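Here is a walk through some of the inner spaces and strands of this protein. Have the coordinates open as you read.

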Amino acid sequence: METCSRSGIMNLCSLAVRTRDLCCFMFRVLSKLSGIAPGLLKKFRQHVHAHPSKKEPALRTLSELPQDTLMDVFATLEIPDLVRAGSVCSSWRAANTTLRDLGKYKLSQTPCLLYTSKSAGESVSCLYSLVEKRTYKLTLPAPPIRSRYLIGSLHGWLVTVDDRSEMHLVNPITGEQIALPSVTTIKNVRPIFNKFGVVQKYEYTKRTWSGDYLGKENLPPHKLREYLHYKAFVFPETSKGTYIVVLIHNPYEHLSFARVGDDRWTWLSPHHYDDCNYKDGLLYAIAKIGEVHAFDLSGPVVIMKTVIGMWQNIMCENMYLVLAPWGDQLNVLRTGVEEGHDADPATLVRNIGELQIYKVDAITKTRVEFKWLNDHVMFLGHNQSLCLSTKEYPSLKANHAYFTDNNALWTKGFKSNRRHIGVLDLEKNVRDELVSPQLWSSWPTPVWITPSLATMNMK
């Protein structure tokens with residue numbers, strides 16, 4: 001596995017780009033686009049074959065391509081190649097910048113695995129590309145990523161919790177970081193200040209799933225996140241031009257949400273939830289008893305309806321609600337198995353057992369089991385649940401599920417244990433490692449993320 005170390009992916013030019021390989025790569029891409037500057041392509045091809053060691057004239061040939069043509073080509077590249085191309089010469093850099101500034105770069109990215117490694121440093125995250133089969137190292141803004149919890153990722157953003165139990169959105173590609181509303185605005189949390197007006201502790205109220213009072217506990221700032229936070233999601237709200245952040249939190253996996261820029265969290269429902277997605281202005285959430293609820297968050301009053309009722313005799317460890325490319329909502333049930341030496345807790349790994357996939361029929365209020373996904377693939381873990389077409393993402397394995405640990409004990413505890421990361425063949429129910437040797441990652445929990453150059457307009 002090849003590793004590129006750097007202060008950030010936006011500085012890929014510091015990697016001493018292998019110009020000849022990049023030029024050949026660009027020629028292959030350009031040659032697929034019929035009718036684009038055939039004279040320049042012929043000139044470039046002749047030069048590369050006649051003078052393979054002379055790179056600068058070849059670059060000058062490619063730099064002669066019109067900016068519109070370069071932008072057409074760059075729009076077909078995934079983010080690592082896009083940034084790499086922008087580091088070659090001033091002409092390519094200008095086309096790269098213009099493409100992004102005009103918002104014309106909209107290529108769907110192949111998900112990557114984001115994890116950390118003690119040897120890489122406290123502020124460094126590792127991004128493993130499934131397309132290139134290589135790892136990039138990105139330095140993220142303070143506080144150090146290895147001091148935080150990772151509780152979700154969606155649309156290129158991580159949701160993190162720092163050592164005072166406050167939440168931030170972080171884009172690991174651009175380095176942008178945005179503070180979310182204070183944890184003290186969540187329904188069952190109250191700040192306790194010292195004489196200097198600084199939060200010294202949090203009063204955490206415990207309740208049953210139905211809201212019955214169970215008592216209170218005073219927790220130091222770094223401890224609250226061990227009790228409160230479970231999983232978070234970031235959804236673009238196109239109609240309002242903003243983002244919605246949805247938090248599944250304790251006690252008993254309740255839902256709260258906030259729009260980026262809000263000053264507080266809004267509590268939604270007291271059910272036990274496991275996963276969420278967002279479609280056509282509605283937030284969908286699946287409860288641990290199998291019920292699927294739809295929330296309309298567009299008005300001053302939140303309206304909830306039940307899409308499908310509870311699941312009888314349900315037995316699973318995690319439940320996912322996955323939006324399929326063809327429009328269906330899929331329910332996925334995951335079982336887990338512990339592997340390791342019983343006498344040595346440090347060797348325990350929480351591995352995936354099997355998956356059961358069902359389509360939700362909102363009209364008949366029934367679920368229909370899927371045996372496999374054919375030419376589609378899933379990404380499951382402590383992140384947005386995804387279902388993608390391998391026709392659109394040819395680097396992925398059809399009828400497979402890419403997974404990471406998702407059990408609450410492993411996302412919050414067992415911090416020194418290796419997290420299991422792998423690929424499951426849905427037809428044969430056979431697991432395989434993502435890479436060999438297996439990536440070592442213990443804390444914080446690894447997540448799947450779809451890289452993005454998007455920024456959030458806070459005005």
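## The largest cavity

The largest cavity is lined by P111, S153, L154, H155, G156, Q384, L386, W448, I449 and T450. Keep in mind that this is a predicted model. The volume of this cavity is about 50 Å³, and the lining splits into 5 nonpolar, 5 polar and no charged residues. Two strands, β5 and β29 (447–449), each give at least two residues to that lining.

How many cavities of 30 Å³ or more are there? The count comes to 2.

## The second cavity

The second largest cavity has a volume of about 30 Å³. Around it sit Y149, L150, I151, H229, Y230, H382, T411 and K412. By class, that makes 4 nonpolar, 3 polar and 1 charged.

Strand β5 turns up here again: with 3 residues, β5 provides the largest share of this lining. At least two residues each come from β5, β12 (229–237) and α8 (408–412).

## The sheet that holds β5

So where does β5 sit? It belongs to an open sheet of 4 strands, ordered β5-β6-β7-β8, with antiparallel pairing. The edges are β5 (149–154) and β8 (177–179), and each of these pairs on one side only. Neighbouring strands here are turned by 25° against each other on average, ignoring direction.

At the β8 end, β7 (residues 167–170) and β8 are joined in the antiparallel sense over 3 bridges. If you want a pair to click on, L169 has I178 in β8 as its bridge partner.

## The largest pocket

Now for the open space. The largest pocket holds about 1400 Å³. It is lined by 48 residues, and those closest to its centre are H155, P236, Y243, S452 and A454. H155 is also one of the residues lining the largest cavity.

Elements giving two or more residues to the pocket lining are α6 (90–101), β12, β13 (242–249), β16 and β25 (386–389). Of these, β25 has the largest share, with 4 residues.

On one side, β13 pairs with β12 in the antiparallel sense over 8 bridges, with E237 standing opposite T242. That hairpin has 4 residues between its strands, and G241 takes a positive phi near 65°. β13 also pairs with β14 (residues 254–259), antiparallel again, over 6 bridges. There, H249 has H254 as its bridge partner. This second hairpin also has 4 residues between its strands, and Y252 in the turn shows a positive phi of about 65°.

β16 pairs with β17 (residues 282–287) in the antiparallel sense over 6 bridges. D275 and I286 are bridge partners in that pairing.

## A buried threonine

Last stop: T116, in the loop between β2 (112–115) and β3 (124–129). Is T116 buried or exposed? Its relative accessible area is 1%, which is under the 20% cut-off, so T116 counts as buried.

What does the side chain of T116 contact? It makes a polar contact with the side chain of R146 at 3.0 Å. The T116 side chain also reaches the backbone oxygen of W443, at 2.6 Å.

Technical notes:
Residues numbered from 1 in each chain as written. Predicted model: local features only at pLDDT ≥ 70, side-chain atom pairs only at ≥ 80, totals over all residues. Heavy atoms only, no water. Pairing = 2+ DSSP bridges. Axes fitted to C-alpha atoms, helices over the stretch in contact; angles between N-to-C directions. 1 Å grid on protein atoms, 1.4 Å probe; cavity = no way out; pocket = protein on both sides within 12 Å on 5 of 7 lines; lining within 4 Å. Points joined across faces, edges and corners; volume = space filled by probe spheres on them. Nonpolar A, V, L, I, M, F, W, Y, C, P; charged D, E, K, R; others polar. Buried < 20%, exposed > 50% of the residue type's maximum accessible area, 1.4 Å probe, protein only. Polar contact = N/O pair within 3.5 Å; in protein donor to acceptor, adjacent residues only side chain to side chain.
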